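Trainee: I am new to this structure. Please take me through it one question at a time.

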Amino acid sequence: MRRKSDQPTKLCKTCGRPFVWRRKWARDWEQVQYCSHRCRTARDVSNSQEIR
C-alpha cells in the first residue's frame, strides 16, 4: 500500500488546487481534470455564461 504522500497529484482546472489520486479514479486517472463534482459543475456554468 502506498502512503498518501507517494500518490500522484494533479492540479484542478477550475480552482487550481492540487488533488491526490483516488482508488475510484484508477481506471481513468489520465482523464480526471477536476478535484470534485462542484468544480466540474462550476466549469459547466462558467462555460455556458461565456457563450451568451
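Mentor: The mean pLDDT (the predictor's confidence in each residue, from 0 to 100) of the protein chain is 83, and 77% of its residues reach 70 or more. This is a predicted model, where local features need pLDDT of at least 70, side-chain atom pairs count only at pLDDT 80 or more, and totals for chains, interfaces and linings use all residues. Residues are numbered from 1 along each chain as its sequence is written, and side-chain values use heavy atoms, leaving out hydrogens and water.

Trainee: Which residues make up the largest nonpolar core?

Mentor: A nonpolar core is a set of buried Ala, Val, Leu, Ile, Met, Phe, Trp, Tyr and Cys residues joined through side-chain atoms within 4.5 Å. Buried means under 20% relative accessible area, with a 1.4 Å probe and protein chains only. The largest such core has eight residues: Cys 12, Phe 19, Trp 25, Trp 29, Val 32, Tyr 34, Cys 35 and Cys 39.

Trainee: Which residues do ring pairs link into a cluster?

Mentor: Phe 19 and Trp 25 are both buried. Ring pairs link into a cluster Phe 19, Trp 25 and Trp 29.

Technical notes:
Buried < 20%, exposed > 50% of the residue type's maximum accessible area, 1.4 Å probe, protein only. Phe/Tyr/Trp six-rings, centres within 6.5 Å; stacked < 30°, edge-to-face > 60°.
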